Amino acid sequence: IALVPIPDSAEIPATVSSAQTRAVTAPFAARVLEAPLAAGDAVTSGQTLIARLDTAEFDLDLITTRSEFAATALAREAARAERNAAEIAALDQEVERLRGRIAYLEERIASAEIVAPIDGVVTFTALSDLRGATLRLGDELVRLADPDEIELDLLIPQDVVARTQVNGAGVFRPEFDPSRRLEFTLSSRSPALDPTDPLAGIRARATPADGADLDELRQGMTGIFAMDRRLTPVGLRVWRTLRDAVLLRIWL
């Protein structure tokens with residue numbers, strides 16, 4: 001009986017994700033004036049508006065600073081006419097300080113219009129709850145995923161671990177069309193159970209094979225990742241299951 005060959009396949013729940021993600025955060029503390037994006041929206045680098053922040057405080061400060069700069073520059077010219085070296089030196093320093101302050105304020109006002117830093121898809125946004133609210137410096141606005149860097153997040157059940165192998169080939173059957181077969185490779189696998197998951201499975205990732213057609217896949221889609229079918233003796237199958245069960249308990 002131990003030598004009888006049986007199909008030795010593994011079917012694993014999978015979620016489409018991106019290998020490349022980018023978080024966009026608030027450049028300074030300010031109130032949100034405009035936030036047009038929602039999860040799932042596509043964005044274009046340097047063009048798509050993520051958010052527009054209130055700059056009223058910076059605008060007023062800029063007007064005041066420019067006025068001070070003009071007055072200081074005139075005072076410096078008057079000191080030069082009188083050839084007052086000490087006053088000229090002090091006013092030179094003040095002019096440079098005000099020039100730096102103006103550059104800083106102009107940069108802050110320009111950065112209030114936040115645009116997408118990369119081409120991608122919005123996978124998370126808190127902006128729908130933040131319109132009209134005041135952000136803090138560093139608050140996350142959106143998270144973007146590169147649609148060209150697709151991979152699969154896997155949660156391998158304990159009883160299936162023995163039938164998986166890193167660098168092993170398999171196919172992804174998306175839930176929206178189970179008849180499709182997209183080739184992927186199991187690229188990495190955690191050495192221990194995920195204690196935060198109620199199913200206590202093994203976290204793993206799979207990357208697409210060269211030439212795989214991924215045009216219809218989007219972040220968050222689900223499906224089944226199936227490792228290649230092969231025939232394995234019953235005895236070997238039982239031995240692997242017992243071995244992995246013991247090793248998992250040791251790691252925990």
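This passage walks through the predicted model shown above, from the whole chain down to single residues.

The structure is a predicted model, in which local features need pLDDT of at least 70 and side-chain atom pairs count only at pLDDT 80 or more, while totals for chains, interfaces and linings use all residues. Residues are numbered from 1 along each chain as its sequence is written, and side-chain values use heavy atoms, with hydrogens and water left out.

The chain holds 3 helices and 16 strands; here helices (H or I, at least four residues) and strands (E, at least two) are DSSP runs, numbered from the N terminus. Of its 252 residues, 35% count as buried, where buried means under 20% relative accessible area, exposed means over 50%, and partly exposed lies in between (1.4 Å probe, protein chains only).

Strands of a sheet pair through backbone hydrogen bonds, either parallel or antiparallel. Two strands are taken as paired if DSSP finds at least two bridges between them.

Strand β4 pairs with β6 (residues 49-53) in the antiparallel sense over 2 bridges, and V32 has L53 in β6 as its bridge partner.

Strand β4 (residues 30-34) also contains L33. This residue counts as partly exposed because its relative accessibility is 45%. Leaving aside residues up to four places away in sequence, L33 touches R52, L53 and D54. The C-alpha atoms of L33 and R52 are 5.5 Å apart in space, although the two residues are 19 apart in sequence.

With β2 (residues 11-18), β15 pairs in the antiparallel sense over 5 bridges, and P13 stands opposite I224 of β15. Strands β12 and β15 likewise pair in the antiparallel sense over 5 bridges, with G223 in β15 as the bridge partner of P174.

Not counting residues up to four places away in sequence, the contacts of F172 include A14, V16, L152, F184, L217 and I224. F172 and A206 are 34 residues apart in sequence, and their C-alpha atoms are 9.5 Å apart in space.

Attention now turns to a helix. Helix α2 (residues 85-111) has 27 residues and reaches 39 Å from its first C-alpha to its last, close to the 39 Å expected; the expected span is 1.5 Å times one less than the number of residues. Among the buried residues of α2 are I88, L91, V95 and L98. The buried residues of this helix pack against α1 (56-82) and β7 (113-115). R108 also lies in α2 and counts as buried because its relative accessibility is 17%. Beyond residues up to four places away in sequence, R108 touches P27, F28 and F58.

On a 1 Å grid over the protein atoms alone, a cavity is a set of points where a 1.4 Å probe fits but cannot get out, and lining residues have an atom within 4 Å of a point. Grid points are joined across faces, edges and corners, and a volume is the space filled by probe spheres set on the points. By this rule there is 1 cavity of 30 Å³ or more, and the largest cavity has a volume of about 50 Å³. Its lining residues include S18, V121, A145, D146 and L217.

Note on methods:
Contact means heavy atoms within 4.5 Å. On a 1 Å grid over the protein atoms alone, a cavity is a set of points where a 1.4 Å probe fits but cannot get out, and a pocket is an open set with protein on both sides within 12 Å along at least five of seven lines; lining residues have an atom within 4 Å of a point.
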